[in-house]
Amino acid sequence: TRDIHTVPRGTKLETRDALIKALSLVGGPDDQFIFYFAGHGLSGGVNDFYLLRDFGIDHDGPLDAMINYSELMAGMRSQLPSQQLLIFDGCRDVNEKVEANQTGGSGLIPADPAIRLGLQPVLQCGVHSTERDALSYGKKGAPSVCAQAFQRALDGAAGKRSLTGWNITSGRI
């Protein structure tokens with residue numbers, strides 16, 4: 001039988017809840033975790049931000065619905081999976097409003113060092129598909145160049161198809 005999953009629209013709350021649910025399924029520190037974001041991004045100063053579906057809707061907090069890359073990475077560093085691959089597939093345009101509000105956005109989950117107390121440090125790899133102020137190329141209606149490369153990695157040395165799903169290791173990727 002097939003499981004049917006409803007894909008969230010990608011709002012801030014839906015993305016946060018999906019991340020929390022995925023982290024709740026982690027069995028222990030030896031697990032591996034892949035987070036893949038596809039969309040648009042902004043840069044301000046030394047910080048990067050990735051826009052969620054409800055970005056700009058709240059007139060009183062127009063910058064709230066974006067992922068603060070630095071805060072997300074800090075929050076994930078405190079989580080149980082010891083091998084983490086976080087891929088951000090999106091352009092990052094420089095934006096004056098974001099430059100003036102470099103602490104904006106959300107890390108989606110708070111950093112909690114108590115979770116990893118006594119464990120080895122996390123092996124964390126964050127990959128950006130583009131340089132700042134560059135486009136994330138791809139044909140209209142088709143996956144981006146980054147998504148195509150990721151799929152090739154899964155089809156090749158980084159993963160193999162099994163009857164129960166993909167066997168993927170972030171170390172191979």
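**Reading salt bridges, strands and surface**

Modeller: Start with arginine 16, which is partly exposed at a relative accessible area of 30%. Buried means under 20% relative accessible area, exposed means over 50%, and partly exposed lies in between (1.4 Å probe, protein chains only). Some ground rules: this is a predicted model, where local features need pLDDT of at least 70, side-chain atom pairs count only at pLDDT 80 or more, and totals for chains, interfaces and linings use all residues. Residues are numbered from 1 along each chain as its sequence is written, and side-chain values use heavy atoms, with hydrogens and water left out.

Biologist: Which side chain meets arginine 16 in a salt bridge?

Modeller: Side chains of opposite charge can pair when their charged atoms come close. The cut-off for a salt bridge is a side-chain nitrogen of Lys or Arg within 4 Å of a carboxyl oxygen of Asp or Glu. Here the partner of arginine 16 is aspartate 17, at 2.8 Å from N to O. Aspartate 17 is partly exposed, with a relative accessible area of 40%.

Biologist: How many salt bridges does the rule give?

Modeller: The count is three. Aspartate 48 pairs with arginine 92, with the closest N and O atoms 2.9 Å apart. Aspartate 48 sits in strand S3 and arginine 92 in strand S6, so this pair ties together parts that are 44 residues apart in sequence. Strands are DSSP runs of E with at least two residues, helices are runs of H or I with at least four, and both are numbered from the N terminus.

Biologist: Where does arginine 132 lie?

Modeller: Arginine 132 forms a salt bridge with aspartate 48, again with a closest N to O distance of 2.9 Å. Arginine 132 is in the loop between S7 and H4, and aspartate 48 is in strand S3, so the pair links parts that are 84 residues apart in sequence. Together, Asp48, Arg92 and Arg132 are linked in a network of salt bridges.

Biologist: Is aspartate 48 buried or exposed?

Modeller: Aspartate 48 is buried, with a relative accessible area of 6%. Arginine 92 is buried too. Arginine 132 is partly exposed, at 31%.

Biologist: Now the strands. What is the order of the open sheet of four strands?

Modeller: Two strands pair if DSSP finds at least two bridges between them. The order is S4-S3-S2-S6, with mixed pairing. Strand S4 (66-68) and strand S6 (92-94) stand at the edges with a single partner strand each, so one side of each has no neighbour in the sheet. S3 (residues 47-51) and S4 run antiparallel, joined by three bridges. Phenylalanine 49 stands opposite asparagine 68 in S4.

Biologist: Why is strand S5 largely enclosed by the rest of the structure?

Modeller: Six of the seven residues of S5 (residues 83-89) are buried, so the strand is largely enclosed. Strand S1 (residues 32-38) pairs with S5 in the parallel sense over seven bridges. Six bridges join S5 to strand S7 (residues 123-128), also parallel. Leucine 86 stands opposite glycine 126 in S7.

Biologist: How many disulfides does a search of the whole structure find?

Modeller: A disulfide is a covalent bond between the sulfur atoms of two cysteines. The cut-off is a pair of cysteine sulfur atoms within 2.5 Å. The search finds zero. Cysteine 91 is buried at 11% relative accessibility, and cysteine 146 is buried at 17%.
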